[in-house]
Amino acid sequence: MGLLTGLRSSISRAASTLFSDEEPKRIGIYGPPNAGKTTLSNRIVRDWTEHGDAVGPESHIPHETRRARRRENIEIERDGKTVTIDVVDTPGVTTKVDYTEFLEHDMEKEDAVRRSREATEGVAEAMHWLREDVDGVIYVLDSTTDPFTQVNTMLIGIIESQDLPVLILANKIDLEDSSVQRIRNAFPQHETIPLSALEGDNMDEVYDNIAEYFG
Amino acid sequence: MPEVKPRDGVRIDLISGERMDGLASMEKIRMILDGVRDGNIVILEEGLSPDEESRLIEVTMTEISPDEFNGIEIETYPRKETADASFLDRLMGRESAKKLTVIGPANQIETLHKDETLIQTLVSRK
């Protein structure tokens, strides 16, 4: 690339940054371990990006996601308008991590200890992102489990105290024990949208709400 | 805090809101975690602010160590007032965070039942 062409390209990039619309909002995907946060992140990325690479691996073993991962510039089209967001998939938040629980998943002690150490680092990282670096939150809950847990109560309280827009997603509605109403009863002050991120059920309503809340 | 050597039981520290008021956030968190890591149950008369709860989780995570400390169990009544507090109140830290909070070592305290008005926990010795 010639010097002049390179300079022109740099100026053009800087100008487009300066005069572009607002920066994409960073939307953190939060929730307890095993709620389906990474499955949802992957679903969003696959639905709205050309290459659709996964944000991260999905697993039934808790704390599969141990680092916050950001996927930038996801353009979601609703009603002729485009909403651009960055999706930040975060590790499941908890107040305790016991490596012996991983041993039940046929893991060697050394691997279990390493996983638990990485998991604790991931939770700390997720909390830091929540305080400093996200503009909105999608809070994912497993609708087959009791939502009335301390972690959920605390996290929703933390999100509310920062005045961040939050959308609660009641995931895993494809499973027999699912109860969306139980989640609505636990957090009546927020909109709750049912879905199955795994099966792709009700994703249209999810995207309508993402566009409305974070657009 | 004066050191008491428990003979055969679980020590419970009930900490008044007045005592907590005089402490900085990190001092509160340090006091809670030091107590919990010694195997005590800490009961806060007026709880922590959401920001302090967030930092408590973060600091707890950095202290978890295999076969030594698995983290904490924490229970409070659900916060009702936050949604009604004005933005200015929250900005000025005047939100109503006054809610009884029970914190203990994760391997010694188990929540049996929790709803808007009742928290039942089972506390065991180390």
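Analyst: Let's start with a term we'll need: a crossing is left-handed if the near helix is turned anticlockwise from the far one by less than a right angle, and right-handed if clockwise. Keep in mind as well that this is a predicted model.

Now to the helices themselves. Two packed helices are described by the angle between their axes and the distance between the axes. As for the hand, the crossing of H5(A) and H3(B) is left-handed.

Which residues do the meeting? On the H5(A) side they are A:Met154, A:Gly157, A:Ile158 and A:Ser161, and on the H3(B) side they are B:Pro50, B:Asp51, B:Glu53 and B:Ser54. Sorted by class, this contact has three nonpolar, three polar and two charged residues.

In total, 28 residues of chain B are in contact with 25 residues of chain A. On chain B's side, the elements that give two or more residues are H3, strand S3 (72-76) and helix H4 (87-91). H3(B) supplies the largest share of that side, nine residues. By class, the side of chain B that touches chain A has eleven nonpolar, seven polar and ten charged residues.

What about the rest of chain B? Its strands S1, S2, S4 and S3 form an open sheet in that order, with mixed pairing. S1(B) and S3(B) stand at the edges with a single partner strand each, so one side of each is left without a neighbour in the sheet. From one strand to the next, the twist averages 15 degrees. In S4(B), the bridge partner of B:Val42 is B:Ile103.

Over in chain A, the other helix of our pair belongs to a chain with seven helices and six strands. Read along the sequence, chain A goes α-β-α-β-β-α-α-β-α-β-α-β-α. Its six strands make an open sheet in the order S2-S3-S1-S4-S5-S6, and again the pairing is mixed. The edge strands are S2(A), residues 69-78, and S6(A), residues 192-194, each pairing on one side only. In this sheet the twist averages 30 degrees from one strand to the next.

Within that sheet, S4(A), residues 136-142, and S5(A), residues 166-171, pair in the parallel sense over six bridges. A:Asp142 stands opposite A:Asn171 in S5(A). Helix H7(A), residues 203-214, packs on the sheet and touches S1, S2, S3, S4, S5 and S6 of chain A. The direction of H7(A) makes about 100 degrees with that of S2(A).

One more stop in chain A is worth a look: A:Ala35, in the loop between S1(A) and helix H2(A), residues 37-48. Is A:Ala35 buried or exposed? A residue needs 20 or more other C-beta atoms within 10 Å to be buried, and A:Ala35 counts as buried because it has 26 C-beta neighbours inside 10 Å. Leaving aside residues up to four places away in sequence, A:Ala35 touches A:Gly92, A:Val140, A:Leu141, A:Asp142 and A:Asn171. That list brings us back to the pair of residues standing opposite each other, A:Asp142 and A:Asn171.

Across chain A as a whole, buried residues make up 41% of the 215 residues. Among the contacts in chain A with a separation of 6 or more, 72% are between residues 24 or more positions apart.

Methods: Residues are numbered from 1 along each chain as its sequence is written. Chains are lettered from A and ligands numbered from 1 in the order in which they are written. This is a predicted model: local features need pLDDT of at least 70, side-chain atom pairs count only at pLDDT 80 or more; totals for chains, interfaces and linings use all residues. Helices (H or I, at least four residues) and strands (E, at least two) are DSSP runs, numbered from the N terminus. Two residues are in contact if their C-beta atoms, placed from the backbone, lie within 7 Å. Ala, Val, Leu, Ile, Met, Phe, Trp, Tyr, Cys and Pro count as nonpolar, Asp, Glu, Lys and Arg as charged, and the others, Gly among them, as polar. Two strands pair if DSSP finds at least two bridges between them. Axes are lines fitted to C-alpha atoms, for helices over the stretch in contact, and angles run from 0 to 180 degrees between N-to-C directions. A residue is buried if 20 or more other C-beta atoms lie within 10 Å of its own, exposed if 12 or fewer, and partly exposed in between; C-beta atoms are placed from the backbone.
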